[in-house]
Amino acid sequence: MSGNPFETSLKTLHEAAALGHINSEVIRLLEQPQRQFEFTIPVRMDDGRLEIFTAYRVHYCDALGQIKNGVRVVPDMDMDTAKALGFWMTIKHAVGGIPAGGGKGGIKADPSKMSRREYEALIRELPMKGAWVDVPGADIGTHGRTQAWMLDELEEIQGFHSPAAINDKPVEANGTELSREATGTGCYFVTREITKAMGMEKGARVAVQGYGNVGRVATELLYKDGYKIVAISDIFGGIANPDGIDVVALGEYVDKTHSVKGFPGCTEISTSEVLEAECDILIPAAVQSVLHEGNAARVQAKLIMECANGPTTPEAEQILYAKGVTIMPDVLTNCGSAIVCSFERTQGLTDQYWDKETVQAKLEERIVKSFHETYDTAKELNVSYRDAAWI
Ligand code: NAD
């Protein structure tokens, strides 16, 4: 997002609150985090030095349930980032109908410069508070293995099994099916519902920026359902074909080359040209602020599905609305992983583990309901889908 992401989110909060006539005391409570922790973690490095790392955890709001969400380990981690992301998660959980409060945290460190032993020692020192207080998940720099270390450490300290206390664990360590595919799958369900509501024909043309975890899963599901994928880009470049890209063959190509660039039978386009491609639906699934004042007027899509967090700057949003473009906001479009993480905790608490079809069916039910709540609010109050979701 342009400017400070926390300030931008506050602006959206106030705008939505005014349009939805939300109680001003609720808004006052949401203007700042409930609890913020800053602490240090000493780690004995392989060369004998003592390194002291700074870590953060924000419990933004636990009105809806225990705090839940990611631990980010990056060299520029700070409290403002944890605060902004914790706020976002609070709203996302509410939009997704999840009984959880929003939180975020992280460590200021560069995992690529640490040995496995050093990194494991660092991760195991994070304070873990259990399934009913604060459930950490994965984010940048953390993954199935770090989550399994956290669980192992907590269970060792507590002396009992506690799978619901940590999210994004590997399936073998009582994690959930569909964890990796949750966000792309959720985006697919929301796209299907909004295109139906807008009366778009099957075979609508789709352009996708970002072909990683989220973008690829969403694209493959849309392709399977009959949408025509006409342009895709990743950080290395892009491809376009107005007759439609063979997404199955592309998958095999990307597995080998790790990029969409150079896929045969397509025109080469740049990473950002994809945003201006001739299409009906645009899916930004890479990074924030890619739709801005400088390119919004050239966007040809009628519908934007925000898979990345904050891909549209407030200035771009005004330009797009003036052109009649529909935007499905990030807090709804990409809340699939937040929903499936909540299912992971539920499975851990009951000690019953669901197969992939069950997780997918429950995700579909949950996110389609959230879509309809947002849709109905937007129609009833005559507001944008972003404002409706926040309301
Ligand atoms: P990823 O790292 O797996 O994939 C990112 C993709 O974007 C890659 O194809 C990469 O090449 C491309 N990319 C990176 N920088 C780019 C740039 N400047 N221009 C064009 N392409 C670029 O990440 P992901 O997990 O797929 O997440 C994508 C976005 O979705 C992120 O904004 C993330 O915050 C958001 N998101 C992810 C999840 C999740 O569950 N993974 C949940 C909610 C939101």
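This is a predicted model: local features need pLDDT of at least 70, side-chain atom pairs count only at pLDDT 80 or more; totals for chains, interfaces and linings use all residues.
| Residue | Atom on the protein side | Distance to a ligand oxygen atom |
|---|---|---|
| Val214 | polar backbone atom | 2.8 Å |
| Ile235 | backbone N or O atom | 2.9 Å |

On its own, the ligand has 820 Å² of accessible area, and the protein covers 68% of that.

What about the rest of the shell? The ligand is surrounded by 19 residues, and Thr183, Tyr211, Asn213, Val214 and Ile235 are the closest of them. By residue type, the shell splits into nine polar, eight nonpolar and two charged.

Now over to Glu177. This residue belongs to the loop that links α5 (144-158) to α6 (182-198). Is Glu177 buried, exposed or partly exposed? Its relative accessible area comes out at 29%, so Glu177 counts as partly exposed, given that the partly exposed class lies between under 20% for buried and over 50% for exposed.

Which residues does Glu177 touch, once neighbours within four places in sequence are set aside? The list is Val171, Val340, Trp354, Asp355, Lys356 and Val359. Take Val359 from that list: 182 residues separate it from Glu177 in sequence, yet the two C-alpha atoms are 6.8 Å apart in space.

Technical notes:
Residues are numbered from 1 along each chain as its sequence is written. Side-chain values use heavy atoms; hydrogens and water are left out. A residue is near a molecule or strand if one of its heavy atoms lies within 4 Å of it. A polar contact is a pair of N or O atoms within 3.5 Å; within protein, one must be able to donate a hydrogen and the other to accept it, and residues adjacent in sequence count only if both atoms are side-chain atoms. Accessible areas come from the Shrake-Rupley method with a 1.4 Å probe; for residues, only the protein chains shown count as cover. Ala, Val, Leu, Ile, Met, Phe, Trp, Tyr, Cys and Pro count as nonpolar, Asp, Glu, Lys and Arg as charged, and the others, Gly among them, as polar. Helices (H or I, at least four residues) and strands (E, at least two) are DSSP runs, numbered from the N terminus. Buried means under 20% relative accessible area, exposed over 50%, partly exposed in between (1.4 Å probe, protein chains only). Contact means heavy atoms within 4.5 Å.
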